[in-house]
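Please keep the sequence and the model in view.

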Amino acid sequence: MAHLEAALITHSQRVCRLYKHAFRNVESWYIHRHLVRYQGALLRARFEEHQSVADMRKAKQLLLAGEEELFLTQHPQPKKFAYSEGGSAYMRDVVCPDYVLDWWHPDERAVYPDYFARREERKKEYVEYYEKKYGKTPDTESH
């Protein structure tokens, strides 16, 4: 699904994003670190070559040409960080919600009596805080 931009992006922000995406593309194409650094230095030199362009029409043309070149040379299977979206370990460790502890059997709770005593106190404190801030919820009769 396409991402809709909520705010305007300046030319310099687009250039910075292009550089970052281009460098990540270089990292995807080259495995060895010394080659990544060399190609990254060449990429940086290409960006710095046009750093002082004052004409915004020329700068925009360069930006569009760079974005098109990035699109044409993008890696078919880009490198992703393991815990980022699309990575191999994304959502691997599912965080269990707190209310699941309410479902524990009393024998399981007996193993950690201090923890559950403190938890019950904190639940009461939270209910008091909620009722103080938002008021009590009206009791409705169930059918």
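Which residues in H1 meet which residues in H2? Val15, Leu18, Tyr19, Ala22, Phe23, Val26 and Glu27 in H1 meet Arg33, Val36, Gln39, Gly40, Leu43, Arg44 and Phe47 in H2, where contact means heavy atoms within 4.5 Å. By class, this contact has nine nonpolar, two polar and three charged residues; Ala, Val, Leu, Ile, Met, Phe, Trp, Tyr, Cys and Pro count as nonpolar, Asp, Glu, Lys and Arg as charged, and the others, Gly among them, as polar.

The model is predicted: local features need pLDDT of at least 70 and side-chain atom pairs pLDDT 80 or more, whereas totals for chains, interfaces and linings use all residues. Residues are numbered from 1 along each chain as its sequence is written, and side-chain values use heavy atoms, without hydrogens and water.

The axes of H1 and H2 (residues 33-49) come within 9 Å and cross at roughly 155°. H1 and H2 are therefore roughly antiparallel, a term for angles over 145 degrees.

Asparagine 25 also lies in H1, which covers residues 11-29. Its relative accessible area is 10%, so Asparagine 25 is buried (under 20% relative accessible area, 1.4 Å probe, protein chains only). Beyond residues up to four places away in sequence, Asparagine 25 touches Leu70, Thr73, Gln74 and His75.

Overall, the protein has five helices and zero strands, helices being DSSP runs (H or I) of at least four residues and strands runs (E) of at least two. Buried residues make up 13% of the 143 residues. The C-alpha trace spans about 70 × 40 × 30 Å along its principal axes.

How values were computed
Buried < 20%, exposed > 50% of the residue type's maximum accessible area, 1.4 Å probe, protein only. Axes fitted to C-alpha atoms, helices over the stretch in contact; angles between N-to-C directions. Parallel < 35°, antiparallel > 145°, perpendicular 65-115°, else oblique.
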